[in-house]
Amino acid sequence: MIVVTAPTGNIGRRVMDELLAAGASLRLVLRDATKLSDTVRSRVEVVEGSHGDAAVVDLAFAGADAVFWLVPADPAAKSVMEAYVGFSGPAANALRRHAVQRVVSVTALGRGTPWEKDAGYVTGSLAMDDLLSGTGAAFRAVTNPSFMDNIARQAVPIREKGLFFGPISGDRKMPSCAARDIAAVSARLMLDEGVVAAPMDLD
């Protein structure tokens with residue numbers, strides 16, 4: 001059994017589709033099951049609620065072999081640590097309790113750089129990785145640069161002015177990655193049963 005969190009989001013939806021196409025048995029965790037199509041609902045188990053809730057993840061992770069972990073954006077969080085580590089704490093406890101074998105998490109580039117301890121969301125993501133990798137599950141982090149899909153949000157200025165805007169100098173190279181590619185890699189890792197259940201060395 002594979003658990004997929006955030007299965008209606010830009011990445012999670014694609015991970016779900018890839019895993020269903022591969023014939024995997026899925027359990028989905030989401031706040032509102034009505035967002036799923038009838039076809040999907042007929043093929044999966046559903047646990048409704050937030051995957052930041054201890055009772056929800058305890059139920060969802062019972063009997064699971066693997067978990068796809070994706071933390072949703074929370075602009076109301078008091079800090080990046082609360083948004084990533086605080087949100088993921090109940091899941092880490094449930095991973096240990098249920099001896100889940102594998103975890104694949106969407107995270108950020110930046111480990112090993114001079115800025116990793118003071119890089120906002122990146123710092124929070126890396127601390128989340130450390131938390132999850134310490135649970136005893138075989139942990140794989142899908143580390144990403146900027147999301148290519150975010151450029152589509154600037155369709156109006158691109159169309160009307162031939163420009164798009166960002167907080168980084170236009171002269172600086174900024175790699176990007178498409179959500180569908182992130183999902184494809186994540187799904188492939190989720191299906192890899194050859195990974196032993198041991199924490200990943202992140203040093």
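**Ground rules.** I number residues from 1 along each chain as its sequence is written, and side-chain values use heavy atoms, with hydrogens and water left out. In this predicted model, local features need pLDDT of at least 70 and side-chain atom pairs count only at pLDDT 80 or more, while totals for chains, interfaces and linings use all residues.

**The sheet.** I looked up the strand order and found an open sheet of 6 strands, S3-S2-S1-S4-S5-S6, with parallel pairing. Strands here are DSSP runs of E, at least two residues, and helices are runs of H or I, at least four, numbered from the N terminus. Two strands pair if DSSP finds at least two bridges between them. At the edges I found S3 (45-48) and S6 (138-144), each pairing on one side only.

**One pair.** I then checked S1 (residues 2-5) with S2 (residues 26-30): they pair in the parallel sense over 4 bridges. Val 3 has Arg 27 of S2 as its bridge partner.

**Helices on the sheet.** Helix H3 (residues 54-61) lies across S1, S2, S3 and S4 (66-69), at about 170 degrees to S2. Helix H5 (residues 121-133) lies across S4, S5 (102-108) and S6, at about 170 degrees to S5. Axes are lines fitted to C-alpha atoms, for helices over the stretch in contact (heavy atoms within 4.5 Å), and angles run from 0 to 180 degrees between N-to-C directions.

**A helix pair.** Last, I looked at H1 (residues 12-21) and H7 (residues 179-190), whose axes come within 8 Å and cross at roughly 45 degrees.
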